[in-house]
Amino acid sequence: MAFTILVSEFMDEVGLALLRGQPGLHLVYQPELFKDRAGLLSAVAGCQGLIVRNQTQVNLELVEAAPQLMVVGRLGVGLDNIAQPVLKERNIKLVVPVGANATAVAEWTTGAMLALARRFVPASLSVAKGEWKRTLFGGEELAGKTLGLIGFGDIARRVARRALSFEMTLATFDPYLPPSILAEWGTQVTLFDKLEDLLERSNFVSLHVPLTDETHYLLNKSRLELLPQGAFVINSARGGLVEESALLELLQQGKLGGVALDVREQEPPDRADPLNRPDLNVLLTPHVAGLTGEAQHRVSLEVAQGLARALNS
């Protein structure tokens with residue numbers, strides 16, 4: 001039996017090559033198709049497999065437009081664009097490359113902490129303007145500071161291991177954390193039962209939870225105000241976890257020492273982005289934390305292998 005796989009967003013060549021080499025598989029690679037919803041719904045109609053990133057909304061509308069769909073591959077680990085109950089109801093398999101980009105995101109998060117603490121962005125822009133204001137950009141050290149990790153899954157634990165090498169104190173809030181994982185870490189990390197208690201004690205806060213109705217605006221203004229003076233907020237998970245207008249207000253007040261965002265409430269943000277304030281020690285990147293070459297190689301290969309197995313089983 002022949003199967004058609006549609007790829008509606010960018011995929012690393014190693015995965016594409018594997019799929020092209022599979023007997024009985026026909027690959028349709030249209031990495032910009034997610035921008036054309038009508039075209040997407042038309043193209044997926046005769047497909048048995050679909051591969052997406054985070055822009056393609058795999059919801060009831062799409063599934064109903066694809067009556068032959070058997071498997072969906074997600075090039076990443078966030079699933080807020082995937083209607084999982086709909087897939088389960090239709091017996092459509094979901095392939096997710098768990099852990100494939102975890103190292104990349106953990107390294108981005110660690111780099112963001114360093115960049116904020118040492119004020120790399122405003123210092124670099126100052127030098128680019130011909131200035132040499134050494135007394136303004138000394139920053140502070142990570143050693144001795146408390147890193148509050150909201151969520152203590154695989155990526156957060158990789159961040160934690162790196163933070164320990166900088167002699168940071170670790171704390172976490174994760175109501176779903178298995179006791180076995182906490183036992184592995186012992187006294188190296190403090191588990192808080194209330195998010196508010198974690199925030200009050202954290203010099204750095206990094207988010208590592210999915211975006212759901214429960215976690216939307218998990219860090220709202222009232223919670224952000226609980227952070228110590230000069231604290232730093234880092235988000236490489238999902239944009240809707242943090243109330244961006246509150247971030248800007250607290251940065252302008254001097255309450256926050258800096259913010260690093262790889263993900264935004266709206267992607268891409270408006271050109272007149274109010275958070276584009278490097279003078280306030282804001283680091284913005286375009287959802288690239290997990291996009292290292294090595295990570296994309298692993299992600300694409302695992303998804304391609306998973307789809308091939310699912311369709312041929």
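## Helix H5 and what follows

Just past H5, Arg119 takes a positive phi, at about 55°. This is a predicted model, so treat that angle as a computed value from the prediction.

Back up into the helix itself: H5 covers residues 102-117, and its 16 residues, at 1.5 Å each, should span 22 Å. The C-alpha atoms at its ends sit 23 Å apart, which agrees with that expectation. H5 is also largely enclosed by the rest of the structure, because 12 of its 16 residues are buried. Among the buried ones are the alanines Ala102, Ala104, Ala106, Ala112, Ala115 and Ala117. Trp108, Met113, Leu116 and Val105 are buried too, along with Thr109 and Thr110.

## Strands E6 and E7

E6 and E7 run parallel, joined by 5 bridges. One spot to look at is Thr146, which stands opposite Thr169 in E7.

How much of E7 is buried? Of the 5 residues in this strand (residues 169-173), 4 are buried, so E7 is largely enclosed by the rest of the structure.

## Two aromatic pairs

The structure holds 2 aromatic pairs. In one, the ring centres of Phe152 and Trp185 are 5.2 Å apart and the planes meet at 70°, so this pair counts as edge-to-face. Phe152 comes from the loop between strand E6 (146-150) and helix H7 (154-165), while Trp185 belongs to helix H8 (residues 179-185), so the contact ties together parts that are 33 residues apart in sequence. Both partners are out of the way: Phe152 is buried with a relative accessible area of 1%, and Trp185 is buried at 8%.

Phe204 and Phe232 make up another pair, and this one is stacked, with 4.8 Å from centre to centre and 25° between the planes. Phe204 is in strand E9 (residues 204-207) and Phe232 is in strand E10 (residues 231-235), so the pair links parts 28 residues apart in sequence. Phe204 and Phe232 are both buried.

Notes: Residues numbered from 1 in each chain as written. Predicted model: local features only at pLDDT ≥ 70, side-chain atom pairs only at ≥ 80, totals over all residues. Heavy atoms only, no water. Phe/Tyr/Trp six-rings, centres within 6.5 Å; stacked < 30°, edge-to-face > 60°. Helix = DSSP H or I, 4+ residues; strand = E, 2+ residues; numbered from the N terminus. Buried < 20%, exposed > 50% of the residue type's maximum accessible area, 1.4 Å probe, protein only. Expected span 1.5 Å × (residues − 1). Pairing = 2+ DSSP bridges.
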